[in-house]
Amino acid sequence: MGGDYYNPISGTISVRSNIPAIAAHEIGHAADFSNIKFPSLYTTARLIPGVDIYQEHKASQIAGKKLKHGRE
């Protein structure tokens, strides 16, 4: 049925779990993509080995900052 994900083509987030960290991670993807001049190219770049790891790491960094800020 699908899990949690960010769709860069439609700019939507689908969250099916009830885990705040996962939702924050998907919001991190949205924030990351919002700063990209050519989002379709950035999406396609995931096919290059290592780029997907970079994008996942960046989304997690953004999520960590958002979660940490929310606790203060």
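Isoleucine 13 sits in strand 2, which covers residues 12-14, in what is a predicted model. The relative accessibility of isoleucine 13 is 36%, so this residue counts as partly exposed. Together with Val15 and Ile27, Ile13 makes a nonpolar surface patch of about 210 Å².

Charged residues come next. Side chains of opposite charge can pair when their charged atoms come close. The structure contains two salt bridges.

One of them joins lysine 58 to aspartate 32, with 3.3 Å between the closest N and O atoms. This pair links distant parts of the chain, since lysine 58 belongs to helix 3 (residues 51-71) and aspartate 32 to helix 1 (residues 20-34), 26 residues apart. The two partners can be set side by side in terms of cover. Aspartate 32 has a relative accessible area of 1% and is therefore buried, because buried means under 20%. Lysine 58 has a relative accessible area of 27%, so lysine 58 is partly exposed.

Another salt bridge is formed by glutamate 56 and arginine 46, whose closest N and O atoms are 3.1 Å apart. Glutamate 56 lies in helix 3, while arginine 46 lies in the loop between helix 2 (39-44) and helix 3, so the pair ties together parts that are ten residues apart in sequence. Glutamate 56 is partly exposed because its relative accessible area is 30%. Arginine 46, with a relative accessible area of 31%, is likewise partly exposed.

Helix 3 therefore holds a partner from each pair: lysine 58 and glutamate 56.

Technical notes: Residues numbered from 1 in each chain as written. Predicted model: local features only at pLDDT ≥ 70, side-chain atom pairs only at ≥ 80, totals over all residues. Heavy atoms only, no water. Patch = residues over 30% accessible without salt bridge, like charges linked within 9 Å, V, L, I, M, F, W, Y side chains within 5 Å. Areas by Shrake-Rupley, 256 points an atom, 1.4 Å probe, with all protein chains shown as cover. Salt bridge = Lys/Arg side-chain N within 4 Å of Asp/Glu carboxyl O. Helix = DSSP H or I, 4+ residues; strand = E, 2+ residues; numbered from the N terminus. Buried < 20%, exposed > 50% of the residue type's maximum accessible area, 1.4 Å probe, protein only.
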